[in-house]
Amino acid sequence: MTEVINETDREIDGSEFVALADYVLDQMHVSASVELNILFIDPEPMADLHVRWLDLEGPTDVMSFPMDELRPGTPDRPTTEGTLGDICICPQVAEQQATEAGHSSVEEMLMLATHGMLHLLGYDHAEPDEREEMFGLQRKLLLTFLATR
């Protein structure tokens, strides 16, 4: 079950992010009954989290906080229960990045949510081969989700 919490003054269509989570989790063979929170927060609390957890200054676009360290399932053995974790997205940072990338803020935040879900499922991009795998999967998931809308 995905809950979307908007703590900003930006208008966020929570249903779109729930649909994205349902799609990504289904594609990764994780039951929609697994708990996931997607929070939209302002730059100040994001900067606080960024310093506290990564010792980096300033707000960032997305941070993921895994809970039960769940991993993708398989078609015959899906991941069926547990708490995936929390994804925090800063719409203001996403808006800046969207402008630089030449697409909408919503598309940027959907990409960030997909990125966050993959982190929660154990993907990382510290090494070149990990980066290639994670970003390729992120792109595929987001593009196929957007094609279904």
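## H1 against H4

Glu16, Phe17, Leu20, Ala21 and Val24 of H1 meet Val106, Met109, Leu110, Ala113, Thr114 and Met117 of H4, where contact means heavy atoms within 4.5 Å. Sorted by type, the residues of this contact come out as nine nonpolar, one polar and one charged. Here Ala, Val, Leu, Ile, Met, Phe, Trp, Tyr, Cys and Pro count as nonpolar, Asp, Glu, Lys and Arg as charged, and the others, Gly among them, as polar.

A quick note on what you're looking at: this is a predicted model, with local features needing pLDDT of at least 70 and side-chain atom pairs counting only at pLDDT 80 or more, while totals for chains, interfaces and linings use all residues. Residues are numbered from 1 along each chain as its sequence is written, and side-chain values use heavy atoms, with hydrogens and water left out.

Back to the packing: helix H1 (residues 14–27) and H4 have axes 10 Å apart and an angle of about 40° between them, so H1 is oblique to H4. Axes are lines fitted to C-alpha atoms, for helices over the stretch in contact, and angles run from 0 to 180 degrees between N-to-C directions. Angles under 35 degrees count as roughly parallel, over 145 as roughly antiparallel, 65 to 115 as roughly perpendicular and the rest as oblique. Helices (H or I, at least four residues) and strands (E, at least two) are DSSP runs, numbered from the N terminus.

## H4 against H5

H4 also packs on helix H5 (residues 128–148): the axes come within 10 Å and cross at roughly 130°. That makes this pair oblique too. On the H4 side the contact includes Glu107, Leu110, Met111 and Thr114, and on the H5 side Gln138, Leu141 and Leu142 are among the residues involved. The residues of this contact split into ten nonpolar, four polar and one charged.

Thr114 sits in helix H4 (residues 105–120). Leaving out neighbours within four places in sequence, Thr114 contacts Leu20, Val24, Gln138, Leu141 and Leu142. Thr114 is buried, with a relative accessible area of 0%; buried means under 20% relative accessible area, exposed over 50%, and partly exposed in between (1.4 Å probe, protein chains only).

## The sheet

Four strands form an open sheet in the order E1-E2-E4-E3, with mixed pairing. Strand E1 (2–6) and strand E3 (62–66) are the edges, each pairing on one side only; two strands pair if DSSP finds at least two bridges between them. Direction ignored, neighbouring strands are turned by 15° against each other on average.

Strand E2 (residues 35–40) and strand E4 (residues 83–89) run parallel and are joined by six bridges, with Ile38 opposite Ile87 in E4. H4 lies across E2, E3 and E4, running at about 145° to E4.

## Gln92 in H3

Gln92 belongs to helix H3 (residues 91–101) and counts as buried at 15% relative accessibility. Not counting residues up to four places away in sequence, Gln92 touches Arg10, Ile41, Asp42 and Pro43. From Gln92 to Leu146 is 54 residues in sequence and 22 Å in space, C-alpha to C-alpha.

## Two positive phi values

Most residues other than glycine have a negative phi. His29, in the loop between H1 and E2, has a positive phi near 60° and is partly exposed at 27% relative accessibility. Glu69, in the loop between E3 and E4, has a positive phi near 50° and counts as exposed at 58% relative accessibility.
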